[in-house]
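Hi everyone, thanks for coming.

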Amino acid sequence: MSVESLIHQIQKDNPEAETDFDFLKTCYSFAEEAHKNQYRKSGEPYFMHCIRTAEILVQLRLDMDTICAGLMHDVLEDTGITRGEMEERFGANIAGLVEGVTKIGRYKFGGGQRKRQAETYRKLLLATAEDMRVILIKLADRLHNMETLEHLSQEQQQRISKETLEIYAPIAHRLGIWSMMSRLEDLSLKYLLPDRYREIADLLDEKLEERQAYCKKMEAIIHSELKKHGIPSNVRGRTKHIYSIYQKIHEKGTPFKDICDLVGLRIIVEDDWSCYSALGVLHLRWNYLPDRVRDWIGQPKKNGYQSLHTTILDNGKPIEIQVRSREMHQIAENGIAAHWSYKEGLPTTKEAQSIFANYKEMLDDIKDTQDVPDTFTEAMKLELFQDEVYVFTPKGDIHALPVGSTAIDFAYRIHTDIGNTCCGAEVNNVLTPIREPLKNGDRINILTSPNSMPSRAWLRIVKTTNARNKIRHWFKEKDRIDAIELGKRLLKAEFQVSYLNATEFMKQEKLIEVVRQLDLETVDELFIRIGNGSESATQVVNLLKPEKVIEEKTEEVVHRPEPTIQLDNGIDLGMVRVMKCCNPIPGDDIVGYLTRGRGVSVHRADCVRLLDEPERFVSVNWQPEEGTNFPAQIYIECHDKPGMLGEITTAIAKFHVNIREGNFKPSTKTTIDDTATDYFTLDVSGAEQLREVMDAVKSLKGVERVDRKI
């Protein structure tokens, strides 16, 4: 396409376009010269790709700066021209757009470490949020690259197609650019699964003429029917794109012959009222499927899509029909670009601002998961490419949520505190389980209680990234508070063991001395470190206690078969006691502690009750008699469901381990919760057998956590 052809296309698609195209000609010549003697794999001049990218942007009716940036989008990456030179010649706006597209082009997806890939996704999304035109240029660039992908190697085709399907097509969908999304999806499928693509294409071709003839007949009948009722219309057949058919066949299990919207019609009318009038005419003339009627005009999708959908029956044959105004059709095809101001280079309507605000809100939700790569990646895919249900508050306010969302998602959408204290929900005035998926039109009243709290099981139920982030934040804060309380208890206990006044030594001013010595920020941080085991309560006490060593208190001894424990130096000190505070068993890393008048106390080496007195430590080794078993306690957190306890005990029994005691506790929270806790005392030969048992239990579906209880 010559520059004159490009100008003609702009004038045709953008009646408000400026008449002075000298600037466009300058950019055209600059880009042509910059890419001189550069060729693509196909052998055609590289500049042809730049022209095609600009042409796609023209078809989207974007502004002159965006079109010019599209012409020059590869200049910084593929030539020696710098950002400074571009800014000097074409201004900061165009230079910034070109640089933004260049940065996105440097992000490589697929393969590599998950964390690095998540960071790449994050940078891409942030770049799109800074100036939406950057991603629109990149989408145009990617579309033409996909249209000419046959000239690359199979490995490159697969990598680029996977990246397109996972990243760029969902972004096009989120921005409402259906025409670009469907083309990107079809081309991706063509190279990722060529056999499936050809299979569907062949099935579509088999009765193509028959379907086209039937569409023509129905177009004429419907147009005539609407005309009789004074509704001007343009009725046309529409083709379902191959990737959407693939999804129905291979992901939803729908046979090709049962896909009813292979034959589809679209009715374009003048205004909103005509849409509803046309729908009424259709429903009076033909029978229809009530559960397939959708009103996306009264309740527009988040990406701005508006239309009425219905499925009529013509002699029992289902025909899916979309009814929309001309403006709605433009928006459905071009999304946010349909709201673009050619002169200002911005989306200026309220609808476009709403789409953009929703997009940025989605990015904020996703960014909160960036520290967990797999979570970030899945959240990005969910948030970018979601179908929606529309539900109402008791007052009639409407909220859009992803399909599959529950009352928990809805509660967190309303307010964080409502989600955190949710104990139930009334859906359409009926008490309903909070895990049940919501449906279009549901009216939801969230029940709360100050005694209710989130459950970890909710993380498996919720669909929105927003709810998942807030639940994780609640548990993070709860774990922090629990760690502080545990740290306080351990420290108080250690003071008591050392015969020190806990009340006196737990004072803020005393502990601040230790905080400074350990280079911490706050006393709470000290408690947290003690509570999570990264700091020993014994060491803290040793930093505070007087010089005189106080004899340890008598500790409770574990009642168990007496093991044979030998001192490494061969000296027999007589009384050897295995201490209950840390409950060691053979195979644990153990240490002996000399006590006055009571022999040697045997502890696990990491026992928090050990005092920091190296002169009283002795090396010991454990030589249990063959056939001797030792009690060990484990703690299990699992789903509270029928058969779960049986699965756990069966897994334990496979190791010929006796269950000495068991205690099963279902949740007693006021929330609707399915988490239970099990405590078992097992007779094991040692630490190795205990680890095998714990690993087997941990592998069971429904088991969330298995720990050794101390």
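Predicted model: local features only at pLDDT ≥ 70, side-chain atom pairs only at ≥ 80, totals over all residues.

A pair of aromatic rings is described by the distance of the centres and the angle of the planes. In this structure, the count comes to six aromatic pairs.

Let's begin with Phe30 and Phe90. Their ring centres are 4.9 Å apart and the planes meet at 65°, so this pair is edge-to-face; the cut-off for that class is over 60 degrees. Where do Phe30 and Phe90 lie? Phe30 belongs to helix H2, residues 22-34, and Phe90 to helix H6, residues 83-90, so the contact ties together parts that are 60 residues apart in sequence. Both Phe30 and Phe90 are buried.

Next, have a look at Tyr635 and Tyr679. Here the centres are 5.2 Å apart with the planes at 55°, so we call the pair tilted. Tyr635 sits in strand E20, residues 630-639, and Tyr679 in strand E22, residues 675-684; this pair links distant parts of the chain, 44 residues apart. And are these two tyrosines buried or exposed? Tyr635 counts as buried, at 14% relative accessibility, while Tyr679 is partly exposed, with a relative accessible area of 27%.

Finally, the charges. Arg285 places its charged end over the ring of Trp286, 4.5 Å from the centre of that ring. Over the face of Tyr214 we find Lys317, at 5.5 Å from the ring centre.

That's my tour, and I'm happy to chat about any of it!

Terms used: Residues numbered from 1 in each chain as written. Heavy atoms only, no water. Phe/Tyr/Trp six-rings, centres within 6.5 Å; stacked < 30°, edge-to-face > 60°. Helix = DSSP H or I, 4+ residues; strand = E, 2+ residues; numbered from the N terminus. Buried < 20%, exposed > 50% of the residue type's maximum accessible area, 1.4 Å probe, protein only. Lys NZ or Arg CZ within 6 Å of the ring centre and 35° of its normal.
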